[in-house]
Amino acid sequence: MTHPSDTRAYFFKIDTTIKKIRNALQKQFNEAGFDLTVDQWVVIDHLYRNPGISQNNLAEMTTKDAPTVTRIIDLLSQKGLTERRMADDDRRKFLVFLTEAGAAKHREVLPVVSAMRRKGWGELSEEDYQHFVRIMDSIYQNISE
């Protein structure tokens, strides 16, 4: 017997939706002159909420590989938005922080990101959101097993 998921390309639907969101958000960033990529924004947003995180933990949180996170942090450091500080307990480990300019950039960009989230969500309800989260969490767990 065929399982319903065998004939439904739900991964394709998820992927195309994510790409549409990323492209629309990047367009907004470009039009606003933010000089940021969506990936750089994701790192800034995580650093804003988790100051002093290690690069490895940041990579895990953003689901990016360590070399990609290192490259993004390097670019953000060149822009004066992030800085690395040596960990007190382990001189081989660096912790990453936003600079004051990085925190200001977060405050500047967040309203555009929030507006895009609202636009994407449209008229969907809180109940829709709860179903969405439950379904996505279930798919995530199924793949993780």
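**View 1. The buried residues of helix H4.** Thr68, Val69, Ile72, Ile73 and Leu76 are the buried residues of H4 (buried: under 20% relative accessible area, exposed: over 50%, partly exposed in between, with a 1.4 Å probe and protein chains only). Looking down the helix axis, these buried residues fall within an arc of 130°, so they line one face of H4; the arc is taken from the directions from the helix axis to the C-beta atoms. As a handy reminder, an α-helix has 3.6 residues a turn, so residues three or four places apart point the same way. On the other side of H4, you will find Pro67 and Gln78 exposed. This is a predicted model, in which local features need pLDDT of at least 70, side-chain atom pairs count only at pLDDT 80 or more, and totals for chains, interfaces and linings use all residues. Residues are numbered from 1 along each chain as its sequence is written, and side-chain values use heavy atoms, leaving out hydrogens and water.

**View 2. Helix H4 from end to end.** Helices are DSSP runs of H or I with at least four residues, strands are runs of E with at least two, and both are numbered from the N terminus. After H4 comes Gly80, with a positive phi near 80°.

**View 3. What surrounds Ile72.** Ile72 sits in H4 and is buried, at a relative accessible area of 7%. Beyond its neighbours within four places in sequence, Ile72 contacts Asp39, Gln40, Val43 and Lys64 (contact: heavy atoms within 4.5 Å).
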